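Dear colleague,

I am handing over the structure we spoke about, placed just below, and after it comes an account of what was found. Please read the two side by side.

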Amino acid sequence: GLVGLKTHAKVTSVVRREGRHIQHYVHVGTGNYNPSTAHQYEDVSLLSADPDLGADVTELFNLLTGYSRQNRYRKLLVAPTSLRSDLAHLIERESKPGGRIIIKVNNLVDPEIIDSLYAASKAGADIDLIARSMCSLRPGVPGLSERIHVRSIVGRFLEHSRIFGFGRGEDAEVYLGSSDLMARNLDRRVEVVGPVTDSLLRTKLASFLEGGLAD
């Protein structure tokens with residue numbers, strides 16, 4: 001790992017010889033690789049053969065082992081280098097009438113991200129947040145957060161997945177990963193958030209979020 005930073009990312013890379021070529025498989029998850037919590041926590045993950053994700057994860061592991069100083073990636077959003085700025089860009093992009101943001105995390109307490117969400121609300125975006133534990137954002141404040149709704153789900157399993165959705169319909173971008181919206185996650189940990197590009201998988205994740213937002 002990197003000195004002074006906790007490695008909190010949940011990523012696996014499998015490199016396999018298939019015939020005459022080498023194939024990369026990548027797993028990016030929201031949950032710990034822990035058999036005990038796997039029975040109690042709700043999580044989601046992505047298993048992919050996307051060559052760009054394979055290259056990104058290889059470079060991430062090279063960074064963690066000291067063989068690289070990588071700070072930009074093809075598709076992965078990685079803390080502490082690019083995740084904060086990439087999320088801020090995605091929020092800003094939806095900061096307009098008709099903009100749409102759905103975020104599901106354990107904790108939402110980072111002041112900069114909260115201010116970005118307030119700005120998006122004032123610009124006309126519709127924002128739904130599912131925050132299991134701590135949430136420092138105040139929804140429904142006139143002139144500030146009237147278009148923001150916050151929910152917390154209490155059920156049989158501990159809600160542990162982090163899912164980020166930006167946009168509407170087929171043009172929406174969906175991400176999943178290990179990071180909460182806290183300064184420690186965005187600035188002082190190694191975190192990985194990856195895109196889900198397959199339309200069927202995006203639809204499945206959207207159904208999870210819609211279920212969480214249903215009354």
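Helices (H or I, at least four residues) and strands (E, at least two) are taken here as DSSP runs, numbered from the N terminus. For background, most residues other than glycine have a negative phi, and most peptide bonds are trans.

Two points on sources: this is a predicted model, in which local features need pLDDT of at least 70 and side-chain atom pairs count only at pLDDT 80 or more, while totals for chains, interfaces and linings use all residues. Residues are numbered from 1 along each chain as its sequence is written, and side-chain values use heavy atoms, with hydrogens and water left out.

Leaving aside neighbours within four places in sequence, Asp 187 is in contact (heavy atoms within 4.5 Å) with Leu 5, Pro 80 and Arg 84. The side chains of Asp 187 and Arg 84 are joined by a polar contact of 2.7 Å; the term stands for a pair of N or O atoms within 3.5 Å, where within protein one must be able to donate a hydrogen and the other to accept it, and where residues adjacent in sequence count only if both atoms are side-chain atoms. Asp 187 is partly exposed, at a relative accessible area of 35%, on a scale where buried means under 20%, exposed over 50% and partly exposed in between (1.4 Å probe, protein chains only).

Asp 86, in helix H2 (residues 83–93), is buried, with a relative accessible area of 14%. Its contacts, again leaving aside neighbours within four places in sequence, are Arg 72 and Leu 77.

Turning to the sheet, 3 strands form an open, antiparallel arrangement in the order S2-S3-S5, strands being paired if DSSP finds at least two bridges between them. The edge strands, each pairing on one side only, are S2 (11–18) and S5 (45–48), and the twist averages 10° from one strand to the next. S2 and S3 are joined by 8 bridges, with Thr 12 having His 27 as its bridge partner in S3, and in their hairpin, which has 2 residues between the strands, Gly 19 takes a positive phi near 65°. S3 (residues 21–29) pairs with S5 over 4 bridges; here His 27 stands opposite Leu 47, and Val 26 opposite Ser 48. Helix H1 (residues 51–64) lies across S2, S3 and S5 and runs at about 75° to S3, where axes are lines fitted to C-alpha atoms, for helices over the stretch in contact, and angles run from 0 to 180 degrees between N-to-C directions.

Finally, the largest pocket holds about 360 Å³ of space. Of the 17 residues lining the largest pocket, those closest to its centre are Gly 167, Gly 169, Ala 172, Ala 206 and Glu 210. A pocket, on a 1 Å grid over the protein atoms alone, is an open set of points where a 1.4 Å probe fits, with protein on both sides within 12 Å along at least five of seven lines, and lining residues have an atom within 4 Å of a point. Grid points are joined across faces, edges and corners, and the volume is the space filled by probe spheres set on the points.

With best wishes
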